[in-house]
Amino acid sequence: MKGAAVAAAATLLAGGVSAHRGHGHAAAHKLFERKAYNESTCVPGCTTVYSTIKGTPELYIPTAPPTIAAVPTTTPPPAVVVPTPIPQTCPTPGTYTFPATTVTLTETTTVCGAATTEVPSGTYTLGGVTTVVETETTVVCPYATTKTENGVVTSVLETTTYVCPSAGTYTIAPITTTVTEVHATVVYPVVTTYCPGTYTAPAVTTVVETATVIYCPFETPAPAPAPVDVPAPQAYEVAAPPPPPPAQEYHAPPPAAAAAVVPKPKKHSPPAYSGGGDLGGKGEKWAMTYTPFRDDGHCKTKEEVYNDIAAIARANFDTLRVYSTDCDTLPHVGAAAEAHGLKMIVGIFIGAPGCSNGNPDVATQIGALKAWKRWDLVSLCVVGNEALFNGFCTPGQLKDLIYHVKSELGSAGYKGPYTTTDVVSAYEQYDVSEICAAIDVVACNSHAYFNGGTLPHQAGEFVKSQLSIVEKICGKKGYVMETGWPTKGQCFGGVTCPGYHEQKVAINSIKDVLGKQAVFFSFDNDPWKGPGDCGCEQSWGCRQVFGV
């Protein structure tokens, strides 16, 4: 799925900070009147008469000039520079080129951003901060809201203390809005967090036919993968894999409504998977990842999707993994999967900081799954793909989101297992005990290509060793949600190189060692992506290895 960025509508709020102005206090001063003395009139040619007026002597003190109180002024703090999409105005038809822009953050920064959602007429509750608690708890958290002063609406960040009286899911400080139009786009404030790193908005050249505003998003940096020590390369024969251990039982939470207090989940007997029996393949391989995008990034048609899924079925895969719900993934891929007897691994994709159901993209994906609800086709739901590794979620946030998705999809009838997936270094770096408690099976993404020194024929054993690590961390049966080998890119460690031959050898090694527990990445190349630092991100398509 194409990474999501902060909603372009955030720029509508960027200039909304207003300075607090002090009010001048006018000093009240008593006015003194000087009594008039009797005065004689001097007429030329007349005798001057001097008169003396006697009275009580007084000291006269002239009135001091009034003091005008200075009106205090407040200088607004400098705006925090964060990588929100940059609005570029194209006032007339023509060709415009906008230079690259770089923003570097040295610490995690939280600001008030904006999100949009398209809705029909009605009253809606949007935004807010959702948290899941397992006991009576008092939480202190920032939330985004709006303030109106002198007719100007400003989005601001506030902090609130909220008492959660019992276990459940709470949405704190949402905003209620009423839409009177038949269909409208609603803009509302959200808490937006940016992680440390260097963000780059690449140079853009565009041709416009009318006056318009172009938004240039920043690319989110990803931390470099942690190196993993492996034995020195040597030739050896790969032993046949042992039969997979039986799947662990898991307990799904009861259905519950969003944005409301829900009871603490009760344990139930493990429900049967929609596919029947354990997860994993029945033959030598299990699943393939699939994204319904053309080379230019536009969505494939229903017919194009159908033909792709037919090819995957001919390669004798049991299951498809999709990452999100955009591009009509659920109706198009679902219909093709049903026609060819395939199951689906569905997902909630987190593509930017904002790991909660308050993220409009997350809410949209949950809503799409609930509306579709073809649970007979679904064998697993994956909440987040490398969300910890990319810094999009903390372990606590991801745990809360998993429980929220369980509640939402459970209320719509889904009774199957849930997981999240990440690289092994993320499981080792963080305390993931709460995540392990929330998921039903553990999963990782493992690509031997990034481990310099690993040869293609060693890929299967390497991926198997990585899966064993996360199984031990969580104490649950594990599956690999992404594994493969690219055909283009750079070499790592001098010997770990891409290529068509190398890809075939590596994938056959993975298939032989743990094909029944692995999802191969990916069906086709992805030219719509950037090449990445490795020069390899577009070149993981492996359909040719499977003869389709």
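Visitor: Which ring does Lys-285 lie over, and how far is it from the ring centre?
Guide: In this predicted model, Lys-285 lies over the face of Phe-317, at 5.6 Å from the ring centre.

Visitor: Is Lys-285 buried or exposed?
Guide: Lys-285 has a relative accessibility of 8%, and because the cut-off for buried is under 20%, Lys-285 counts as buried.

Visitor: And what does the side chain of Lys-285 meet in a salt bridge?
Guide: The partner is Glu-284, and the N to O distance between the two side chains is 3.5 Å. Glu-284 itself is partly exposed, with a relative accessible area of 44%.

Visitor: How many salt bridges are there by this rule?
Guide: The count comes to 11 salt bridges. One of them joins the side chains of Glu-304 and Arg-294, with 3.1 Å from N to O. Glu-304 belongs to helix α1, which covers residues 302–314, while Arg-294 sits in the loop between β13 (287–289) and α1, so this pair ties together parts that are 10 residues apart in sequence.

Visitor: How accessible are Glu-304 and Arg-294?
Guide: Glu-304 is partly exposed, with a relative accessible area of 30%, and Arg-294 is also partly exposed, with a value of 33%.

Visitor: Okay, what does Asp-524 form a salt bridge with?
Guide: Asp-524 forms a salt bridge with Arg-543, and the closest N and O atoms of the pair are 3.3 Å apart. Both Asp-524 and Arg-543 lie in the segment after β20 (518–520), so the pair ties together parts that are 19 residues apart in sequence. The relative accessible area of Asp-524 is 29%, which makes Asp-524 partly exposed, and Arg-543, at 22% relative accessibility, counts as partly exposed too.

Visitor: Which residues do salt bridges with shared partners join into one network?
Guide: Glu-284, Lys-285 and Lys-511 are joined into one network in that way.

Visitor: Switching to rings, how many aromatic pairs does the structure hold?
Guide: The structure holds 16 aromatic pairs. In one of them, the ring centres of Phe-450 and Phe-492 are 5.8 Å apart and the planes stand at 65°, so the pair is edge-to-face.

Visitor: Where in the chain do Phe-450 and Phe-492 lie?
Guide: Phe-450 is in the loop between β18 (442–445) and α7 (459–474), whereas Phe-492 is in the loop between β19 (478–483) and α8 (500–514), so the pair ties together parts that are 42 residues apart in sequence. Phe-450 counts as partly exposed, at 30% relative accessibility.

Visitor: Which residues form one aromatic cluster with Phe-450 and Phe-492?
Guide: Along with Phe-450 and Phe-492, the cluster is formed by Tyr-449, Trp-485, Phe-521 and Trp-540.

Visitor: How many helices and strands does the chain have?
Guide: The chain has 8 helices and 20 strands. One of the strands is β10, made of residues 197–201, and Thr-198 is found there. Thr-198 is partly exposed, with a relative accessible area of 39%, and although Thr-198 and Thr-106 are 92 residues apart in sequence, their C-alpha atoms are 8.6 Å apart in space.

Visitor: What share of the chain counts as buried?
Guide: Of the 548 residues of the chain, 44% count as buried. The chain exposes about 28500 Å², and carbon and sulfur atoms supply 55% of that area.

Visitor: How many residues are in the largest nonpolar core?
Guide: The largest nonpolar core has 82 residues, and those with the most contacts inside it are Ile-309, Ile-312, Val-346, Val-405, Leu-409 and Phe-546. Apart from that core lies another of 11 residues, including Leu-380, Val-382, Met-481 and Val-519.

Visitor: What is Val-405 in contact with, leaving aside its neighbours within four places in sequence?
Guide: With those neighbours left aside, Val-405 is in contact with Ile-348, Ile-366, Cys-381, Val-383, Gly-410 and Tyr-418.

Key. Residues numbered from 1 in each chain as written. Predicted model: local features only at pLDDT ≥ 70, side-chain atom pairs only at ≥ 80, totals over all residues. Heavy atoms only, no water. Phe/Tyr/Trp six-rings, centres within 6.5 Å; stacked < 30°, edge-to-face > 60°. Helix = DSSP H or I, 4+ residues; strand = E, 2+ residues; numbered from the N terminus. Buried < 20%, exposed > 50% of the residue type's maximum accessible area, 1.4 Å probe, protein only. Lys NZ or Arg CZ within 6 Å of the ring centre and 35° of its normal. Salt bridge = Lys/Arg side-chain N within 4 Å of Asp/Glu carboxyl O. Areas by Shrake-Rupley, 256 points an atom, 1.4 Å probe, with all protein chains shown as cover. Core = buried A, V, L, I, M, F, W, Y, C linked by side-chain atoms within 4.5 Å. Contact = heavy atoms within 4.5 Å.
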